[in-house]
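Biologist: Could you open the model and walk me through its packing, its pockets and its charged pairs?

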Amino acid sequence: MAFSENSGRHLIVIRHGERCDFVFNTPGGRSWVKRAFTDHGAYTPFDCNLPRNVPRRSDGHEGFERDTPLTEMGYLQSKLIGRAMRDQGIQIDHIYTSSALRCIQTGVGIIKGYGLGRGENRELTMNIDGGLYEWMQWCRGVKPSTMEHSDLLKIGYPINTSYKPMATVEELRLDETVPQYYQRSNSLVQRILKKHATGTILVIGHASTLEACTRQLCGGEIRSNDDFFAMLRNTPYLASIHAFEHPRRGWELNGSVVPSLTHSNNYSFDPSIYKLEKDEIKKRAEKDFNFAL
């Protein structure tokens with residue numbers, strides 16, 4: 001789906017990949033961070049889908065509690081989408097990302113999959129903006145952590161250190177309403193569009209970003225809370241939406257720029273089940289929802 005050279009600007013908004021906390025935090029409340037790190041910060045992944053290595057951060061490994069990285073599958077998902085964009089003939093000219101680590105790492109994966117990284121024919125850097133962070137009430141009263149630019153540069157992430165963000169996460173209100181979130185997102189999109197008179201802009205954010213960054217831009221009204229939540233529930237990892245600038249009608253939505261990314265769930269495996277006898281199997285099924293008879 002290569003864009004016409006005669007068309008106006010293009011905006012692609014995409015959700016981040018699979019996140020560690022949603023996969024590995026236990027129902028009882030124990031976080032993956034407490035399981036994977038010692039008190040002194042030594043990291044040992046307990047599952048093959050946890051990242052092999054995690055970046056060092058100035059706020060310590062505890063920062064991952066409020067700023068989760070991608071899983072290995074999440075990073076692979078990102079590379080697949082970057083490759084799909086390249087295969088579709090889409091040229092990315094500018095990249096903006098939320099300051100959440102999962103979004104930054106998604107950008108790294110897309111750049112890698114596309115072939116826009118260091119040493120390639122064309123190199124892109126990411127503009128990190130806290131104004132792209134998700135609706136703040138998802139944070140449940142606690143400001144999220146974010147990584148310092150210096151920490152990101154040490155691990156070779158391609159970020160634009162000269163970019164001045166619209167906002168930092170620290171400046172955002174934890175009691176932000178849904179309409180205020182729409183307004184924040186739309187204001188940032190308008191600010192980004194003023195900086196770029198031509199080209200294709202990739203915005204990497206959260207499930208809510210696809211809706212909030214395109215709704216008002218394309219002439220829609222702010223949705224009710226219930227409709228807003230419905231949009232989120234139907235926006236999977238690496239979902240993307242494309243808006244383009246029509247010369248007469250203004251901005252319009254135009255579906256997704258790449259095919260869907262679909263795969264099944266894969267639960268954790270417990271090899272001890274092969275030692276169970278008949279009565280024990282029934283007892284296990286009564287206690288464990290994921291244990292199928």
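Predicted model: local features only at pLDDT ≥ 70, side-chain atom pairs only at ≥ 80, totals over all residues.

Biologist: Which residues touch the most other members of the largest nonpolar core?

Modeller: Those are W32, M85 and L202, in a core that holds 46 residues. Two or more residues each come from strand 1 (10–15), helix 1 (20–24), helix 2 (32–36), helix 3 (72–87), helix 4 (101–114), strand 3 (126–129) and strand 4 (200–205).

Biologist: And which element gives the largest share of this core?

Modeller: Helix 4 does, with 7 residues. There is also another core lying apart from this one, made of 18 residues, with V13, L132, L193 and L210 among them.

Biologist: Back to W32, what does it touch?

Modeller: Leaving out residues up to four places away in sequence, W32 touches C20, D21, F24, N25, F37, Y43, F46, L50, F64, T68 and P69.

Biologist: Changing topic, what volume does the second largest pocket have?

Modeller: Its volume is about 920 Å³. The lining of this second largest pocket consists of 30 residues, and the closest to its centre are R19, D21, F22, E134 and W138. Helix 1, helix 2, helix 7 (207–212) and helix 8 (225–233) are the elements that give two or more residues to that lining.

Biologist: Which of those gives the most to the lining?

Modeller: Helix 8, with 3 residues.

Biologist: How many nonpolar, polar and charged residues are in that lining?

Modeller: The lining of the second largest pocket has 13 nonpolar residues, 7 polar ones and 10 charged ones.

Biologist: On to the backbone, which loop holds R140, and what is its phi?

Modeller: R140 sits in the loop between strand 3 and helix 5 (149–154), and its phi is near 55°, a positive value in a residue other than glycine.

Biologist: Is R140 buried or exposed?

Modeller: R140 counts as exposed, because its relative accessibility is 77% and the cut-off for exposed is over 50%.

Biologist: What about L238, buried or exposed?

Modeller: L238 counts as buried, since its relative accessibility is 4%. Its phi is near 60°, again a positive value in a residue other than glycine, and L238 belongs to the loop between helix 8 and strand 5 (240–246).

Biologist: Now the charges: how many salt bridges does the count come to?

Modeller: The count comes to 12 salt bridges. One of them joins the side chains of E176 and R184, at 2.8 Å from N to O. E176 is buried, with a relative accessible area of 6%, and R184 is buried as well, with 8%.

Biologist: Which residue does E211 form a salt bridge with?

Modeller: E211 pairs with R223, and the closest N and O atoms are 2.7 Å apart. Because E211 lies in helix 7 and R223 in the loop between helix 7 and helix 8, this pair ties together parts that are 12 residues apart in sequence. E211 is buried, at a relative accessible area of 9%, whereas R223 is partly exposed, at 24%.

Biologist: And R249, buried or exposed?

Modeller: R249 counts as exposed, at 53% relative accessibility, and its side chain meets that of E252 in a salt bridge of 2.4 Å, N to O.

Methods: Residues numbered from 1 in each chain as written. Heavy atoms only, no water. Core = buried A, V, L, I, M, F, W, Y, C linked by side-chain atoms within 4.5 Å. Buried < 20%, exposed > 50% of the residue type's maximum accessible area, 1.4 Å probe, protein only. Helix = DSSP H or I, 4+ residues; strand = E, 2+ residues; numbered from the N terminus. Contact = heavy atoms within 4.5 Å. 1 Å grid on protein atoms, 1.4 Å probe; cavity = no way out; pocket = protein on both sides within 12 Å on 5 of 7 lines; lining within 4 Å. Points joined across faces, edges and corners; volume = space filled by probe spheres on them. Nonpolar A, V, L, I, M, F, W, Y, C, P; charged D, E, K, R; others polar. Salt bridge = Lys/Arg side-chain N within 4 Å of Asp/Glu carboxyl O.
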